[in-house]
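Open the model in your viewer and switch to a cartoon view.

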Amino acid sequence: MRAALTLAARGLGRVAPNPTVGCIIVKDGRVVGRGWTRPGGRPHAETEALKQAGKAAAGATVYVTLEPCAHHGKTPPCAEALAAAGVARVVAALEDPDTRVAGRGMEILRQAGIATEIGLCRAQAERLNAGFLKRVIKGQPLVVLKLATSLDGKIATHSGQSQWITGPLARRRAHLLRSRADAIMVGSGTAVFDNPRLDVRLPGLEDRSPLRVVVDGRLRLPLTHDLVARAGAVPTLLVTHDGNPGDRLRAYEDAGVEVVQVETDADGHVSLDATLSLLGGRGITRLLVEGGGHLAASLLRAGLVDRLAWFQAPVVIGGDGVAAVSGFGVDRLDEAPKFLQAAMTQLGRDRIDIFSLDV
């Protein structure tokens, strides 16, 4: 099952709105078939593994990271395909919460006389497909807030210099995070001042650049900005609220930027909750947020951050530097968002800590 989970991880950032699934077929102590969800969500992992196993699938044990599907879509149900192949046993890590499946896949297998088991490596499978699970259950993507700071939590000096706080290994890891996301989101301030491309520039992974999302209530993004100029090459979504000039909106659209207007929050800003629901409705399962400080603070204040990916360089900038997270009105410690450390990796002189929301 751990090997199947490793295979499933290959699909991160490429299979939305589907889950990323890995499957391994074992017979007489030997792996006879292996597969994972392919780009776009098809073919499914089980289909690929069965194709590789061929006749050897009969009487075999199947390890799959998510309950086999039970509904007819672009392909027949994987549960029926496994039954037709004559497998003897199916071990699934996790039940699929999709109402079209939700236990029906395992029931099809049991009705066919196939032994079933569910729950092996459940926690690992839940972490891997946390974005898919959240989108199905809550209608919103998993939100990963990425920060790259000094030891004292600054992202720039008082003069605004920010390139580069972290070193090349950390920056390459940040691009790997992008390649595993379905969308990257920034606020208009970061877009204007940092001029980020928000694409993937790792050799061999350039085709994995996700949807670029800019939250821009006042339409500050210049029409000459790279995010606008390259919108034809890399899909770009600008999220704003109503009341902006129509000619300005049309100018973005003429440049290839998709403009969507959502409701405002109590402060009159673009509602981030509505923005996440919009993205979830479009099938986005994993959203990487890359700043800036005001957007980070708004997401944290609203309890909308699921994970932190915190890059930290061994430098100290001082109190007059630019904070990674703007103030958001925490009066008491029990009001502060709390996270649990899930992993830490050293990247040369820098490090990355992954934190998950403490629920």
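In which sense do strand 3 and strand 4 pair, and over how many bridges? Select strand 3, residues 61–64, together with strand 4. The pairing is parallel, and it runs over four bridges. Keep in mind that this is a predicted model.

Pick out one residue pair now. Show Thr61 and look across to strand 4: its bridge partner there is Arg89.

Strand 4 covers residues 89–92 and strand 5 covers residues 115–118. Four bridges join the two, and they run parallel.

Now select helix 4, residues 104–111. Strand 4, helix 4 and strand 5 together make a right-handed β-α-β unit. Helix 4 packs on the sheet and touches strand 4 and strand 5. Its direction makes about 155° with that of strand 5.

Five strands line up in the order 2-1-3-4-5. The sheet is open and its pairing is mixed. Go to the edges: strand 2 (30–36) and strand 5 each have a single partner strand, so one side of each has no neighbour in the sheet. Between neighbouring strands the average turn is 15°, direction ignored.

What is its strand order? Reading across, it is 11-10-9-8-12-6-13-16-15. This sheet of nine strands is also open, with mixed pairing. Color strand 11 (258–262) and strand 15 (339–347): these are the edge strands, and each pairs on one side only. Neighbouring strands here are turned by 20° against each other on average, direction ignored.

Zoom in on strand 6, residues 142–149, and strand 13, residues 307–312. They run parallel, joined by six bridges.

**Two helices across the strands**

Select helix 7, residues 168–179. Which strands does helix 7 lie across? They are strand 6, strand 8 (183–187), strand 12 (286–289), strand 13, strand 15 and strand 16 (350–357). Helix 7 runs at about 160° to strand 13.

Last stop: helix 11, residues 272–281. Helix 11 lies across strand 6, strand 8, strand 9 (211–215), strand 10 (236–241), strand 11 and strand 12. Its angle to strand 11 is about 130°. Keep strand 6, strand 8 and strand 12 highlighted: they are among the strands that helix 7 lies across, and helix 11 lies across them too.

Methods
Residues numbered from 1 in each chain as written. Predicted model: local features only at pLDDT ≥ 70, side-chain atom pairs only at ≥ 80, totals over all residues. Heavy atoms only, no water. Pairing = 2+ DSSP bridges. Axes fitted to C-alpha atoms, helices over the stretch in contact; angles between N-to-C directions. Contact = heavy atoms within 4.5 Å. Right-handed = clockwise from strand over helix to strand, strands pointing away.
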